[in-house]
Amino acid sequence: MGFCYLNSIAIAALDALTRGPTRVAIWDFDAHHGNGTESICEGNDRIRYVSFHQHPAYPGTGSLSRANIFNFPVSAETTGAQQMEVLRRSWKCVEEFWPDLILVSAGFDAYEGDPLVSLALTRDNFGTLGEWLSQTGVPCAAILEGGYSSDLPLLIDAFLCGWERH
Ligand SMILES: [Zn+2]
């Protein structure tokens, strides 16, 4: 829809499937639904796309799951703790695919201080997401997606420190 000319995470997933991994999971915790990624990956049974996002919100998609597409929408009225619980369920859905590779669409606009979105994650919460990556035992890579707060460098740092911790 114009935000990205190239879908980096989908390109990475499709490329990885030509190089050894047979099952790739994409975990997308950007606060917007990844409608482009869903569109590219839908119907590819070697990819599981798992998206956490605010709903309703731009772009308005991502309320339903089907086949290899798993959507975890949360409303802006939920608390940060509830949002982390939905994230935990979405992460479980990633692991249940038994992927050889996990690619992460790491958006930081679910942050409580983000000016574009109304979710409530804290800096520490992003550290927790990184810890989950470090604990899974599956190779992981992440690509930076959204994040519009001036705290963005701190959020990325928390995520990477959590990932490195274990
Ligand atoms: Zn976003």
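Two residues are taken to be in contact if their C-beta atoms, placed from the backbone, lie within 7 Å. On that basis, among contacts in the protein chain between residues at least 6 apart in sequence, 70% join residues at least 24 apart. This is a predicted model, in which local features need pLDDT of at least 70 and side-chain atom pairs count only at pLDDT 80 or more, while totals for chains, interfaces and linings use all residues. Residues are numbered from 1 along each chain as its sequence is written.

## Overall fold

The protein chain holds five helices and five strands, where helices (H or I, at least four residues) and strands (E, at least two) are DSSP runs numbered from the N terminus. Read from the N terminus on, the order of these elements is α-β-α-β-β-α-β-α-β-α. The C-alpha trace of the protein chain spans about 40 × 35 × 30 Å along its principal axes. The radius of gyration, taken over C-alpha atoms, can be set against a globule rule of 2.2 Å times the number of residues to the power 0.38. For 166 residues a compact globule would have a radius of gyration near 15 Å, and the 15 Å of the protein chain agrees with this.

A residue is called buried if 20 or more other C-beta atoms lie within 10 Å of its own, exposed if 12 or fewer, and partly exposed in between, with C-beta atoms placed from the backbone. By this criterion, 41% of the 166 residues of the protein chain count as buried.

## The nonpolar core

A nonpolar core is a set of buried Ala, Val, Leu, Ile, Met, Phe, Trp, Tyr and Cys residues joined through C-beta atoms within 7 Å. The largest such core has 43 residues, and those with the most contacts inside it are Ala13, Val24, Ile26, Trp27 and Leu103. Two or more residues are given to this core by each of α1 (8–16), β1 (24–28), β2 (47–54), β3 (69–74), α3 (80–95), β4 (101–106), α4 and α5. The largest share, five residues, comes from β4. When residues up to four places away in sequence are not counted, Trp27 touches Val50, Ser90, Trp91, Val94, Ile102 and Val104.

Ile69 is found in strand β3 and counts as buried, because it has 20 C-beta neighbours inside 10 Å. Leaving aside neighbours within four places in sequence, Ile69 is in contact with Glu38, Glu42 and Tyr49. The C-alpha atoms of Ile69 and Ala142, 73 residues apart along the chain, are separated by 19 Å.

## The pairing of α4 and α5

Two packed helices are described by the angle between their axes and the distance between the axes. Helix α4 (residues 123–135) and helix α5 (residues 152–164) pack at an angle of about 30 degrees, with their axes 6 Å apart; axes here are lines fitted to C-alpha atoms, for helices over the stretch in contact, and angles run from 0 to 180 degrees between N-to-C directions. The contact involves residues of α4 including Arg123, Phe126, Leu129 and Leu133, and residues of α5 including Leu155, Phe159, Gly162 and Trp163. By class, the contact of α4 with α5 has ten nonpolar, five polar and four charged residues, where Ala, Val, Leu, Ile, Met, Phe, Trp, Tyr, Cys and Pro count as nonpolar, Asp, Glu, Lys and Arg as charged, and the others, Gly among them, as polar.

Leu133, which is found in helix α4, is buried, with 24 other C-beta atoms within 10 Å. Apart from neighbours within four places in sequence, Leu133 is in contact with Val104, Cys140 and Trp163. The C-alpha atoms of Leu133 and Gly162, 29 residues apart along the chain, are separated by 8.4 Å.

## Local backbone features

| Site | Feature | Value |
|---|---|---|
| His55 and Pro56 | cis peptide bond | omega about 5 degrees |
| Tyr58 to Pro59 | cis peptide bond | omega near 5 degrees |
| Ala67 | positive phi, residue other than glycine | phi near 45 degrees |
| Trp98 | positive phi, residue other than glycine | phi near 50 degrees |

Pro56 lies in the loop between β2 and β3, Pro59 is found in the loop between β2 and β3, and Ala67 lies in the loop between β2 and β3. Ala67 counts as exposed, with 12 C-beta neighbours inside 10 Å. Trp98 is found in the loop between α3 and β4 and counts as exposed, with 10 C-beta neighbours inside 10 Å.
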